[in-house]
Amino acid sequence: MNADVLIEVRGLRNVFGTQVVHDALDLDVHRGEILGVIGGSGAGKSVLLRSIVGLKGPDGGSIRFLGQDTTHLGAEDRRAIDRRFGLMFQDGALFSSLTVLENVELPLVEFHHLPPDLVKDIALLKIALTGLPLDAAAKYPAQLSGGMRKRAGLARALVLDPEILFLDEPTSGLDPVGAAAFDELISTLRNALGLTVFLVTHDLDSLYSLCDRVAVLSDRHVVVADRIATVENNPDPWIQACFRGPRARGARAHRPVPAPVIPGGFDGNSR
Amino acid sequence: MAQKATVSWIRTNGSATLTLAGDWTLANARDLAPAVAGAAAMRPGDHCLIDAHQLTALDTTGALLLLRALGDSPPSFSAADVQGLNPANLALLQLVTARHGQAAPARPVHASFVRLLERIGGAIVDAWHQARELLGFVGMMLATLGKVFSGHRRLRLTATVFHMEQTGLDAVPIVVLLSFLVGAVVAFLGATVLRDFGAEVFTVELVSYSFLREFGVLLTAILIAGRSGSAFTAQIGSMKSREELDAIQALGLDPIELLVIPRLLALLVMLPALTFLGMLSGLVGGGLVGVMSLDFTPAMFIGRLHETTELRHFWVGMAKAPVFAFLIAAVSCLEGFKVEGSAESVGRHTTASVVQSIFLVIVFDALFAIFFMELQV
């Protein structure tokens, strides 16, 4: 079981000034799953994501990421870890002075000495994988819609073939049709590429249709992390308000039949 | 760590098999790319099979390279054609095959001479549009200013005083210091050159004419264009990018009245005041150099100033200050309104605002010089 835990957060503590955001927070992310993290506004979902990927040093506790304790890593080891995950920011965080194609090519150019035509081919493939029309490749981020920027951000996050993908509110700001299409895209990519996905979201529809497990962040720690059917029945008042509210009823009504989860089932023998 | 990847063709009677081995991943792509190119060149024309029993890893880059090895017309990768590949990797291969093959759009490439002409034409049209926009905006400013003075629109006194403090009072130290230094430099230059002719005493006229007529107002206007003009553009621009300007209009308010008129009035009052200070400190700087290196006494310097320099030079300089103030306010506020969406756009328009307002200030200064020369004042 332990070999299947990609990320292990133990006793995480994060403090801003006098405000304690996380205290004694424990969380495991298993290989091959899509883990959804939900919580009220200001519950520290994004801070948790930033702590795990190393954008913010935690004020206490430990984070084991891909088998290494990342809280006390040197700069070079840190960079080696950085190349093994992909991170999609809320609005893509594309470099505005580069075209979409150049944005996606950048990590390849920086880290791998490949022939230019192969670099371009790989980048275009990633752009096509995220469902962007290819004429978007030559455009600048400012010329794209919000949904297209998210897809381009996803293409850049995927370009180094990461083992784990972090998504910060991938469906926020998208229309319902676009959000559903994005959920489906994540699911397709996870199945084909054998990804592990860490998803921070507000979107109940995403939780029901996409996530294998759901972690609820409330009162500075993870209240519960389990299959959504189990999470729904947790007596925590915030969970009850969230999953028994009128919006959850709609999301639940359209829940697809959950696919059986086989641990490690999507990564084959290759990783 | 990663196993070396290899590729080779094996021909048995009538069919060819592409044998893959090792890690077909991004980490191996560099070594694999030439091998793949070689394999693609040797591809037999007939139906071929793929043997992936020794394949230890496959990612999207590896799948892409496999497609390249198979040349222009990749097979459908049905399970019968590909042996020894696990279902997950087969699914990956099929997805990559489905999404790849859409040709990249060709970028339009112009002949360089046509492109040169196109850019020249574009720049001229741009300049024409900008001039028209500026004229239109100046008209709107004047119309709104007229309504404010005739009582049809409110004068925002608090905002005006706030901007007077920011653009005027807070700029006093830098304007005074810079004018003082330039005054000293001009006096020093004059003294050095005029000494050869025994005419050091004309240094006083040099400093007083240049500062009263030109440098006092020009230095101040350029400083204010860089300091306050850029601030105006950035303030209004960031409001525009956060849709605050749209909110002002949706509330039935007038952004020109609310944002532009206070800034314009503040500059119209404060730029002449700063110019006056600039002239004074330039004269002081020149006088100090005169006293220290030319053996003038302060009384001699002031006396000669009185004798030789008429008051009209002062008024020539001062008359230009409100015009420059109007130019700076118009250009910087207009550039703020032209900002679109991104933070990058705010930066671009702030730069454009400073460049344009300094450019216009100097052009108008040259026009004024000709005008006053013809008037013989």
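Reader: Which residue is the bridge partner of Leu35(A) in strand 8 of chain A?

Author: The partner is Phe198(A). Before going on, note that this is a predicted model, in which local features need pLDDT of at least 70, side-chain atom pairs count only at pLDDT 80 or more, and totals for chains, interfaces and linings use all residues. Residues are numbered from 1 along each chain as its sequence is written, chains are lettered from A and ligands numbered from 1 in the order in which they are written, and side-chain values use heavy atoms, with hydrogens and water left out.

Reader: How many bridges join strand 3 of chain A to strand 8 of chain A?

Author: First the terms. Strands (E, at least two residues) and helices (H or I, at least four) are DSSP runs, numbered from the N terminus. Two strands pair if DSSP finds at least two bridges between them. Here 4 bridges join strand 3 (residues 34-39) to strand 8 (residues 196-200) of chain A, and the two run parallel.

Reader: What is the strand order of the open sheet in chain A?

Author: The order is 6-7-8-3-9-10, giving 6 strands with mixed pairing. Strand 6 (85-88) and strand 10 (221-226) of chain A stand at the edges. Each has a single partner strand, so one side of each lacks a neighbour in the sheet. From one strand to the next, the twist averages 15°. Angles here run from 0 to 180 degrees between N-to-C directions, with axes fitted as lines to C-alpha atoms (for helices, over the stretch in contact).

Reader: What does strand 1 of chain A pair with?

Author: Strand 1 (residues 5-16) pairs with strand 2 (residues 19-30) of chain A in the antiparallel sense, over 8 bridges. Val5(A) stands opposite His30(A) in that pairing. Strand 1 of chain A also pairs with strand 4 (residues 60-65) of chain A, again antiparallel, over 5 bridges. There Arg13(A) has Gly60(A) as its bridge partner.

Reader: Which residues have a positive phi?

Author: The general idea: most residues other than glycine have a negative phi. Now the cases. Gly17(A) takes a positive phi near 60° in the hairpin of strands 1 and 2 of chain A, which has 2 residues between the strands. Ala24(A) is not a glycine, yet has a positive phi of about 50°. Ala24(A) lies in strand 2 of chain A. Asp295(B), also not a glycine, has a positive phi of about 60°. Asp295(B) sits in the loop between helix 9 (255-293) and helix 10 (298-308) of chain B.

Reader: Is Asp295(B) buried or exposed?

Author: Buried means under 20% relative accessible area, exposed over 50%, and partly exposed in between (1.4 Å probe, protein chains only). Asp295(B) is exposed, at 67%.

Reader: Which residue forms a salt bridge with Glu214(B)?

Author: Lys320(B) does, with the closest N and O atoms 3.3 Å apart. This pair also links distant parts of its chain: Glu214(B) in helix 7 (residues 203-241) and Lys320(B) in helix 11 (residues 311-337) of chain B, 106 residues apart. Lys320(B) is buried, at 1% relative accessible area. Glu214(B) is partly exposed, at 22%.

Reader: Which residues of chain B are linked in a network of salt bridges?

Author: Arg153(B), Arg156(B), Asp254(B) and Glu257(B) are.

Reader: Which residues make the nonpolar surface patch?

Author: Patches take residues with over 30% relative accessible area and no salt bridge; like charges are joined within 9 Å, nonpolar side chains (Val, Leu, Ile, Met, Phe, Trp, Tyr) within 5 Å. Areas come from the Shrake-Rupley method with a 1.4 Å probe, and for residues only the protein chains shown count as cover. Phe113(B), Leu116(B), Leu117(B), Ile120(B) and Ile124(B) make a patch of about 520 Å². Leu116(B) lies in helix 4 (residues 112-149) of chain B and is partly exposed, at 46%.

How values were computed. Salt bridge = Lys/Arg side-chain N within 4 Å of Asp/Glu carboxyl O.
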